[in-house]
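Q: I am new to this structure. Can you show me how to read its features, step by step?

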Amino acid sequence: MWSSRLAFILAASGSAVGLGNIWKFPYITGENGGGAFVIVYLLCIALIGIPIMIAEVMIGRRGERSPINTMRMLAQRDGLSQRWSWIGWTGIVCSFLILSFYSVIGGWALSYTGHAVSGVFSGASADDIGAMFGGLLSDPWTLLLWHSVFMVLVIVIVAGGIRSGMEKAINILMPLLFLLLLVMVGYALNSGEFMQGFNFLFQPDFSKLSTEGVLTALGHAFFTLSLGMGVMMAYGSYLPKKVSIVKTAVTVSIVDTAVALLAGLAIFPLVFANGLEAGAGPGLIFQTLPLAFGQMTGGVLFGSLFFALLVVAAVTSAISLLEPVVEWLEEQKGISRLSGALIGGISIWLLGMMTILSFNEWANFFPLEFIPAFEGKTVFDLLDYVTANLLMPLGGLFIAIFAGWFMSKQAVKNQLGLGEGAAYQSFMFVLKFITPIAVATVFIYNLS
Ligand code: PFF
Ligand code: NA
């Protein structure tokens, strides 16, 4: 059991806040034209993400088991089909796939921590910084080295079961990351094209938003909040009965959103001040932030700290991805935690090679090109698309339907602790109708 509400919030935020906020959010916002995308993303967080997080935590707390067993047990208790346990299974597959590329990007952050410490950013031009990133991507062996270092870190932590030991450190490090982001926004205020960056993020131009952009925004709401795959369900199983699920879910979501928006506010002013491309893609933060670190006073210190803390944030999210895989191996295959962490971790590490090659040798290899939705997508693009835009929203859809329509009403009322008044009624209306219809609509539009 978590000793308090705060402990749960820290653990859930540890999973939520990661590369999704600082690496992915800015680059997909840039690729999808800014403001309109951000508004749709924020709507998805509020109307889809938060209700599904509440549903997941509520299911988890009632089940008090790992996601597969929780779904199995609750379905049985409420007289429902055992197929509901599929939600747990797809969650394991999803964790596996996500971690395989997440670790490669975590490796980029590790490599950039090294760059920052060495001082190579000092006085570098936008071209130098761009070339540095291009050099990293084109070199599979260096990518493999950092991907391996990242996976070893994650495997060691999960195998050792030393998560709780780390929690104290994380309590200090995550607020520090937040503070550093504020420093970066401050730098952007003084020396970047701040207003241009601000307007790019918050002034909507809906003509720039495509149907696929809407799906990307929806998928990112799931990715960034770690939803639709049972991770929050697993955390919920440790939440004490007296804690308000609604308040905690809202808090975690606000923290996660704040980190993403701060990252955007730190990065886009730099993009415009340096004549860079907002739609530069996955390298965006690695091509902008080093410019700021290279110019600001204390840049070596701030830069080193920033990338190191980004690694920490990525590792805490990665732990929440490996954990379910290991737990499943332990339960189903009856092997030890150490073997589980090794078998799971090494398989994921191997799969990670596909992402590494996507940035160089396989940059023009589009394996599922014959399917229109997958046209022009590398293996990395596919892994990202299939997990964030398909599997997670699908898992979330079924979680919302389970909690809204199938789970015992009395159990839902007890878990929510909202009484039976207007707050409860409106939440249930959103969960039963708005959330599933919104997810289904975005899906149908994209598939047709
Ligand atoms: N939410 C994490 C991020 O924004 O970086 C990524 C993630 C972690 C997704 C855990 C899914 C998950 F289960
Ligand atoms: Na996140």
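A: Start with contacts. Two residues are in contact if their C-beta atoms, placed from the backbone, lie within 7 Å. Keep in mind that this model is predicted.

Q: Leaving aside neighbours within four places in sequence, which residues is phenylalanine 25 in contact with?
A: Phenylalanine 25 touches Gly20, His220, Thr224, Ala260, Ala263 and Gly264 by that test. Phenylalanine 25 itself sits in helix α2, residues 19-31. Another pair to look at is phenylalanine 25 and proline 282: 257 residues separate them in sequence, and their C-alpha atoms are 9.8 Å apart.

Q: Is phenylalanine 25 buried or exposed?
A: Count neighbours. A residue is buried if 20 or more other C-beta atoms lie within 10 Å of its own. Phenylalanine 25 has 27 such neighbours, so it counts as buried.

Q: Which residues of α1 are buried?
A: In α1 they are Phe8, Ala11, Ala12, Ser13, Gly14, Ser15 and Ala16. Helix α1 covers residues 5-16, 12 residues in total. From first C-alpha to last it reaches 16 Å, close to the 16 Å expected at 1.5 Å a residue.

Q: How do α3 and α17 cross?
A: Two packed helices are described by the angle between their axes and the distance between the axes. Here the axes of α3 (residues 35-63) and α17 (residues 409-416) come within 10 Å and cross at roughly 105°. Angles of 65 to 115 degrees count as roughly perpendicular. The two helices, α3 and α17, are therefore roughly perpendicular to each other.

Q: Which residues of α3 and α17 meet?
A: From α3 come Met58, Arg61 and Arg62; from α17 come Ala411, Val412, Gln415 and Leu416. The residues of this contact divide into 4 nonpolar, 1 polar and 2 charged.

Notes:
Residues numbered from 1 in each chain as written. Chains lettered and ligands numbered in written order. Predicted model: local features only at pLDDT ≥ 70, side-chain atom pairs only at ≥ 80, totals over all residues. Axes fitted to C-alpha atoms, helices over the stretch in contact; angles between N-to-C directions. Helix = DSSP H or I, 4+ residues; strand = E, 2+ residues; numbered from the N terminus. Parallel < 35°, antiparallel > 145°, perpendicular 65-115°, else oblique. Nonpolar A, V, L, I, M, F, W, Y, C, P; charged D, E, K, R; others polar. Expected span 1.5 Å × (residues − 1). Buried ≥ 20, exposed ≤ 12 C-beta atoms within 10 Å, placed from the backbone.
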